[in-house]
Amino acid sequence: MSIRITSPVRRAGRVERFETVVIGGGQAGLSVGHHLAARGLDHVILCDEARVGDNWRRRWDSLRLFTPARFSGLPGLPFPAAPAYLADKDEVADYLERYAERFELPVRVETRVRSLNHDGERFVIDVDGRESRIEADTVIVATGPHQAPRVPRISAHLSAEIHQLHSSDYRNPFELPDGPALVVGAGNSGAQIALELARFRKVWLAGRDTGHIPRRLLGRDIFDWIWPVIRRATLDTRLGRRMREGSMRGGDALIGIAEREIRRAGILRIGRLEEQRVGIPVVDGDLIEPRVIVWCTGFAVNFDWIELPIFGDDGLPVHERGVISGVPGLYFLGLRFQHRLSSSLIGGIGADAEFIAEQVSQRCDSTTAS
């Protein structure tokens, strides 16, 4: 492997100093690393995985992107597949690893950040398992929107006889105990996992219908039509704000999975799981007795390790296009709807990455000039 491990700008005792530290070695961190390198800016990318792309390798075996290959590339390197191909999760992981190698990005693997603070002069980054600390003039938090699996509180009150797992721990039907399965969460992940499980067992799918977008329209892939829209619909536009509010309120529509397909698979559609009785799930007043529950209930952000006063009541950083005005030199990348509806998608993150890299470049120029 030819990923370059950088030397620090200067070593002072147990301190490593860099101009810019990128926290996160996924698609966001690699994208901004590419743009920083293009501007000749000193930086290091801290990745908590053993290999670049491992966060994708751990996802369920049959997972595929819902964006075609032509809309799934990072800056400077198209995804190596036919334009309409839907890559599987291992192909995405390998692509990210090759991306880091191709551009010789300064990635440090197996480096998990424990805390981020500021000592009045520089940012201070403590890393698990190391006595030394890292200091930086600029920090870009690129850990993405999928950080902490979110499981409803009711899970703690269900019977111990029910095998429970979050979708982030699901791999395939054969690793689960035999018996009926309840999939909670009827978004794209929940529908895909329910369809896979239904080939081998009885399945209930709990959650409301979020709507359906066909895979093809007028002979073309649906993303040929909607990608230009979601790229242009920024939060500076009325359309972008309306689309964000609709998605946040109603959930994402199923892409390429129609309700009739769910019914044909024998999946029983039920309402939301909100109560239990003697440890047994109750939906729409009826007892549901699954052997397995797969919680496809999404993820929550987890920025507890950032010890800076930058967060709103929702736990998200208060920012303008990823720029934290209250703490100069701190930036975020890969947040959902950071600026565009495509901001957290692998093929849409490049524009935000370029913007953040330019902000860092301008800051470096102004600091040098002063």
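The largest nonpolar core here has 57 residues, and Leu30, Val32, Leu96, Ile140, Val183, Leu197 and Leu333 touch the most other members. A nonpolar core means buried Ala, Val, Leu, Ile, Met, Phe, Trp, Tyr and Cys residues joined through side-chain atoms within 4.5 Å; buried is under 20% relative accessible area, exposed over 50%, partly exposed in between (1.4 Å probe, protein chains only). This is a predicted model, where local features need pLDDT of at least 70, side-chain atom pairs count only at pLDDT 80 or more, and totals for chains, interfaces and linings use all residues. Residues are numbered from 1 along each chain as its sequence is written, and side-chain values use heavy atoms, leaving out hydrogens and water.

Several elements each supply at least two residues of the 57-residue core; some of them are tabulated here. Helices (H or I, at least four residues) and strands (E, at least two) are DSSP runs, numbered from the N terminus.

| Element | Residues |
|---|---|
| Helix H1 | 27–38 |
| Helix H3 | 89–102 |
| Helix H4 | 188–197 |
| Helix H8 | 349–369 |

A second, separate core of 24 residues includes Ile23, Ala136, Trp305 and Ile310.

Now for Val32: beyond its neighbours within four places in sequence, it's in contact (heavy atoms within 4.5 Å) with Val22, Ile140, Leu333, Ala353, Ile356 and Ala357.

On to H3. Its buried residues are Lys89, Val92, Ala93, Tyr95, Leu96, Glu97, Tyr99 and Ala100, and their cover includes H1, helix H2 (54–57) and strand E4 (107–108). At the helix start, a side-chain oxygen of Asp88 comes within 3.1 Å of the backbone nitrogen of Asp90. Asp90 itself is partly exposed, at 34% relative accessible area. After H3 comes Glu104, with a positive phi near 50°.

How values were computed
A polar contact is a pair of N or O atoms within 3.5 Å; within protein, one must be able to donate a hydrogen and the other to accept it, and residues adjacent in sequence count only if both atoms are side-chain atoms.
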